[in-house]
Amino acid sequence: MKPLVSIIMGSTSDLPIMEKACKWLDDNEIPFEVNALSAHRTPDAVETFAKGAKARGVKVIIAGAGMAAALPGVIAASTPLPVIGVPIKGMLDGLDAMLSIIQMPPGIPVATVGVNGAQNAAILAAEMMALGDEEIARKVDAWKAGLGAKIEKANRELSEIKDYKFKVD
């Protein structure tokens, strides 16, 4: 199957974070691809990738990067596709990466999730695609319905705690 989502990271050291997006997409049977491309070390490859993504059938790009975090913006500058930036925690607890991603110039938008928020990036990508794809919409709806069920189960378990005494100092 052609990938609908492309997950890009600045380095394979970002994989422990970005694999959360891969897992969510895989669990929901949404085809994706994964690549490591660096805005600073492989700028020509990043531009070639970004310019060719739409023609290859990609619908949304998720780009994770830390520190200077130029990757999402560089990709957004070279593609008409929506780009979701994932700031990777490194120096300054990821604040440096987050600020780099959200401070884009007019005309080059990058949606941004929280620091290390790769799973949310995958969900947001699916929600974007769900606007024009009923099958993906059903998958997103089912997954979100499951979130409510988890909380309801937790509340039932909490209500079963009977003899817990709260201490007040």
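Is W24 buried or exposed? In this predicted model, W24 counts as buried, with a relative accessibility of 4%. The legends below describe close-up views of this residue and of other parts of the chain.

**View 1. The edge-to-face aromatic pair of W24 and W143.** The count of aromatic pairs in the model comes to one. Its members are W24 and W143, whose ring centres lie 5.6 Å apart with 80 degrees between the planes. Since planes over 60 degrees apart count as edge-to-face, the pair is assigned to that class. W24 belongs to helix α1 (residues 15-27) and W143 to helix α6 (residues 134-159), so the contact ties together parts of the chain that are 119 residues apart in sequence. The burial of the two partners is given by separate values: W24 is buried at 4% relative accessibility, whereas W143, at 23%, counts as partly exposed.

**View 2. The salt bridge between R56 and E33.** The structure holds seven salt bridges, and one of them joins R56 to E33, with the closest N and O atoms 2.8 Å apart. This pair links distant parts of the chain: R56 is in the loop between α2 (43-52) and β3 (60-66), E33 is in strand β2 (residues 32-36), and the two are 23 residues apart. R56 is partly exposed, its relative accessible area being 34%. E33 has a relative accessible area of 15% and is therefore buried, as the cut-off for that class is under 20%.

**View 3. The salt bridge between E47 and K51 within helix α2.** The side chains of E47 and K51 form a salt bridge with an N to O distance of 2.8 Å. Both residues lie in helix α2, four residues apart, which is about one turn of the helix. E47 is partly exposed at a relative accessible area of 34%, while K51 is exposed at 55%.

**View 4. The salt bridge between K89 and D93.** Here the N to O distance is 3.8 Å. K89 counts as partly exposed, with 47% relative accessibility. D93 counts as exposed, with 55%. Side chains of opposite charge can pair when their charged atoms come close.

**View 5. The covered faces of strand β4.** Strand β4 comprises residues 83-88, and six of its six residues are buried. In a regular strand, side chains alternate between the two faces of the sheet. In β4, one side carries V83, G85 and P87, and the other carries I84, V86 and I88. Both faces are covered, and the residues named on each side are all buried.

**View 6. Strand β4 between its pairing partners β3 and β5.** β3 and β4 run parallel and are joined by six bridges; among the residues involved, I61 has V83 of β4 as its bridge partner. Together with helix α3 (residues 71-77), β3 and β4 make a right-handed β-α-β unit. β4 also pairs with strand β5 (residues 111-112) in the parallel sense, over two bridges.

**View 7. The annotated region, residues 3-151.** An unreviewed UniProt entry assigns the annotation "domain: PurE" to residues 3-151. Over this range the chain is 46% helix and 17% strand. The end C-alpha atoms of the range are 33 Å apart.

Terms used
Residues are numbered from 1 along each chain as its sequence is written. This is a predicted model: local features need pLDDT of at least 70, side-chain atom pairs count only at pLDDT 80 or more; totals for chains, interfaces and linings use all residues. Side-chain values use heavy atoms; hydrogens and water are left out. Rings of Phe, Tyr and Trp (its six-membered ring) pair if their centres lie within 6.5 Å; planes under 30 degrees apart count as stacked, over 60 as edge-to-face and the rest as tilted. Buried means under 20% relative accessible area, exposed over 50%, partly exposed in between (1.4 Å probe, protein chains only). UniProt positions are given in the numbering used here, feature names are shortened, and annotations may be inferred rather than shown by experiment. A salt bridge is a side-chain nitrogen of Lys or Arg within 4 Å of a carboxyl oxygen of Asp or Glu. Two strands pair if DSSP finds at least two bridges between them. A crossover is right-handed if, with the strands pointing away from the viewer, the path from the first strand over the helix to the second runs clockwise.
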